[in-house]
Amino acid sequence: MTHVFYRQLTRDYPSAVLGRGITIRDATGKEYIDASGGAAVSCLGHSNPDVLAALHAQIDKLDYAHTGFFTTPAAEELADEMIRHAPAGIGHVYFTSGGSEAVEAALKLARQYFVERGELQRQHFIGRLQGYHGNTLGALSVGGNLWRRKPFAPILLENVHHVSPCYEYRGRRIDETPQRYGERLAQELSNKIDELGGGNVIAFIAETMVGATLGAVPAVPGYFKRVREICDRHGILLILDEVMCGMGRTGTLHACEQEGVTPDLLVVAKGLGGGYAPIGALMVQEKIVKTLTEGSGFFQHGHTYMGHPLACAAALAVQRVIQRDNLLTNVKAQGDHLLRRLGERFGNHPFVGDVRGRGLFQAIELVADRGTKEPFDPARKLNVRIKQEAMDRGLMVYPMGGTVDGVRGDHVLLAPPFIVDAATIDTVVERLGEAVDAAI
Ligand code: PMP
């Protein structure tokens, strides 16, 4: 009997008691390979000695100082480190306790930017169907997953509109090149903006790679460049949510580097602290901070635990280890290996329609019929069964599924820590293959 409750109101598995490297051990002594990094969180694996040392050193010095009084060396050094590697133009960092909080901060900062400029008529946000930005009310409002939104629909933000995601496997027509597909989606965004009036829109928000809802879906080449142009034409801010796909997971520190665009606001979390502390961050273009500095002088927002010294010290250590050990090289190399192995195991599988991803952010999509791409009946709860079969085999993966905006589909996301090696990847793919076959 436990008095704790999470999303699942009943307890599914024994409690986790020990984390070492890429494995987690439960209370019965059983070990699991953490091939999902939790939920694309763990990038250094568990119990990294450098991060533990940094946490100990920080707690010895200072546990907490409210940001209404002080900043701290930990927060300042982390911000310096992040800006040193940030896309050009991004000059400030606002710390939060996680991803949803950072998305909320992005939405409010975007609105306040226009308030400071006297553009009060800008009141609309545009997001994408099937996008996920978090579970707080603002983040849920800009997200486009109808299943998550449905019970709360009457209390979500009203001035939010959605356009189609870039989802090549299901979205691109057979007679269309990827480039034409990207153009068509950009046109849809442009039409939506025209409908609302370009001067009435605050921001467009998108995940650079769609994570939780669709499973490691990259945009087609050129899509985000067109999106950037359209936003610029109307003075609309571009918010890229890299909570899941950012901080090195796709092989570059920021996923948007591979798209050749810089957003006005870049949201990161998960891998920033690598699981060692709850932390997220909003990275902001200098023009936005300047507008506030020259205007009211403060951002009308804040949280008690933002910029927590322990969280910042842990995140700083995580980011330094990634740089020092050149781990993004391993993300690329092992990501290629993972994609190859997934292709070998599932490329001709009768119930796998697509294998996709970048770096250590990969997924397979399950279908009842490869030819028609007909998904499985959601009543089969394939995602729940795959998770169970994988856990039985000592493997943590991240399956999602069911019905999403009328688009049914099941996928399994893999996001192992950046320290993973080829032999572990081989074991992961082998166990996943068995779990998928057993579940279907
Ligand atoms: N944005 C994206 C893209 C995410 O994947 C998530 C979490 N899965 C969030 C925001 C919300 O982050 P958190 O759970 O830390 O609030």
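Reader: Which residue in β3 is the bridge partner of Thr23?
Author: Ile33. Keep in mind that this is a predicted model.

Reader: How many bridges join β2 to β3, and which way do they run?
Author: Three bridges, and the strands run antiparallel. β3 covers residues 31-34.

Reader: What sits between β2 and β3?
Author: Four residues, in a hairpin. Gly29 is in that turn, with a positive phi of about 95 degrees.

Reader: And on the β1 side, how many bridges does β2 make there?
Author: Four, between β1 (residues 16-20) and β2 (residues 23-26). The pairing is antiparallel. Ala16 stands opposite Asp26, and Leu18 stands opposite Arg25.

Reader: Which residue in that hairpin takes a positive phi?
Author: Gly21, near 60 degrees. The hairpin of β1 and β2 has two residues between the strands.

Reader: What's the strand order in the whole sheet?
Author: β1-β2-β3-β15. It is an open sheet of four strands with mixed pairing. The edges are β1 and β15 (395-396), each pairing on one side only.

Reader: Next, the sheet with β19. What's the order there?
Author: β13-β14-β19-β16. This sheet is open too, with four strands, and the pairing is antiparallel. Its edge strands are β13 (352-358) and β16 (398-400). Neighbouring strands are turned by 15 degrees against each other on average, direction ignored.

Reader: What packs on that sheet?
Author: Helix α13, residues 382-392. It touches β14 (361-366), β16 and β19. The direction of α13 makes about 165 degrees with that of β16.

Reader: How many bridges does β19 make with β14, and how many with β16?
Author: Five with β14, in the antiparallel sense. Three with β16, also antiparallel.

Reader: Is β19 mostly covered or exposed?
Author: Mostly covered: five of its five residues are buried. Both faces are covered. Asp410, Val412 and Leu414 lie on one side, His411 and Leu413 on the other.

Reader: Switching to Ala439. Where does it lie?
Author: In helix α14, residues 422-439.

Reader: Why does Ala439 count as buried?
Author: Because 22 other C-beta atoms lie within 10 Å, and the cut-off for buried is 20 or more.

Reader: How far apart are Ala439 and Lys387?
Author: 52 residues in sequence, and 8.8 Å in space, C-alpha to C-alpha.

Reader: Now α11. What should its span be, and what is it in the model?
Author: At 1.5 Å a residue, its 16 residues should span 22 Å. The end C-alpha atoms are 22 Å apart, which agrees. The helix covers residues 309-324.

Reader: Why call α11 largely enclosed?
Author: Because 13 of its 16 residues are buried, so the rest of the structure largely encloses it.

Reader: What happens just after α11?
Author: Asn326 takes a positive phi of about 55 degrees.

Reader: Last topic, the ligand. Which residues come nearest?
Author: Gly98, Gly99, Ser100, Gly134 and Val243, out of 16 residues around the ligand.

Reader: Which element gives the largest share of that shell?
Author: Helix α4, residues 99-116, with three residues.

Reader: And how does the shell split by class?
Author: Seven nonpolar, seven polar and two charged residues.

Note on methods: Residues numbered from 1 in each chain as written. Predicted model: local features only at pLDDT ≥ 70, side-chain atom pairs only at ≥ 80, totals over all residues. Pairing = 2+ DSSP bridges. Axes fitted to C-alpha atoms, helices over the stretch in contact; angles between N-to-C directions. Contact = placed C-beta atoms within 7 Å. Near = placed C-beta within 6 Å. Nonpolar A, V, L, I, M, F, W, Y, C, P; charged D, E, K, R; others polar. Expected span 1.5 Å × (residues − 1). Buried ≥ 20, exposed ≤ 12 C-beta atoms within 10 Å, placed from the backbone.
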